Amino acid sequence: MKNAVTLKHSAKVVNSAASMLLFLLFTICALIMVSIASATYSRINTGFDNTFDSSASVRYISNKIKSSTSVTVMEGNQTGLILHQDGYNTLIYFTSGGIYEVSVAEDVVTIPAAGDLLFNVNNLTLTDCGNCILKVSVTDSDKNIYETYCEYEN
């Protein structure tokens with residue numbers, strides 16, 4: 001009789017231990033899945049930010065060029081554009097890993113250091129292709145290049 005009680009007690013202990021191990025296994029698997037999902041989300045989010053900044057910057061500059069009355073491409077050490085509109089000028093330029101913009105009245109001297117950051121990008125290249133066509137190229141931190149050709153008025 002004592003043997004049967006001991007055997008029954010041992011069975012309960014083994015059953016409880018097996019249940020706890022099964023719960024522990026489930027918890028570990030759930031934590032692994034959450035960790036994988038978190039890493040995947042982080043990678044997708046970083047890629048989206050890079051793509052958004054680069055492609056949106058190309059579209060933004062293209063729309064600004066189309067809406068201006070005339071365009072002057074900056075020459076020398078600074079990459080940028082001076083967009084002339086009725087009553088004011090907008091300077092869009094690249095420096096320190098970002099595209100910046102500043103708008104001022106027509107008769108005010110534009111200072112590039114006074115601009116506001118629009119997009120974080122790796123590089124901006126502006127190429128005058130002749131015949132009032134401007135090539136706008138933006139490179140993101142993953143070295144992907146986004147470009148467009150814009151017609152402008154001189």
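The model is a predicted one, in which local features need pLDDT of at least 70 and side-chain atom pairs count only at pLDDT 80 or more, while totals for chains, interfaces and linings use all residues. Residues are numbered from 1 along each chain as its sequence is written, and side-chain values use heavy atoms, with hydrogens and water left out.

Begin by selecting residues 2-67, which make up helix α1 (helices, H or I, of at least four residues, and strands, E, of at least two, are DSSP runs numbered from the N terminus). Within this helix, pick out Ile 36, which is partly exposed at a relative accessible area of 47% (buried means under 20%, exposed over 50%, and partly exposed in between, with a 1.4 Å probe and protein chains only).

Next, select Lys 64 and Glu 101, which form a salt bridge with their closest N and O atoms 3.4 Å apart (a side-chain nitrogen of Lys or Arg within 4 Å of a carboxyl oxygen of Asp or Glu). Lys 64 belongs to helix α1 and Glu 101 to strand β4 (residues 98-105), so the pair, 37 residues apart, links distant parts of the chain. Both of these residues are buried.

Move on to the open sheet, whose three strands run in the order β6-β7-β8 with antiparallel pairing (two strands pair if DSSP finds at least two bridges between them). Strands β6 (123-130) and β8 (145-151) stand at the edges, each with a single partner strand. Between β7 (residues 133-139) and β8 there are seven bridges, and Leu 134 stands opposite Cys 150 in β8. Here Glu 147 forms a salt bridge with Lys 135, the closest N and O atoms being 3.5 Å apart.

Finally, select Cys 132 in the loop between β6 and β7, where phi is near 60 degrees, a positive value in a residue other than glycine. Most residues other than glycine have a negative phi.
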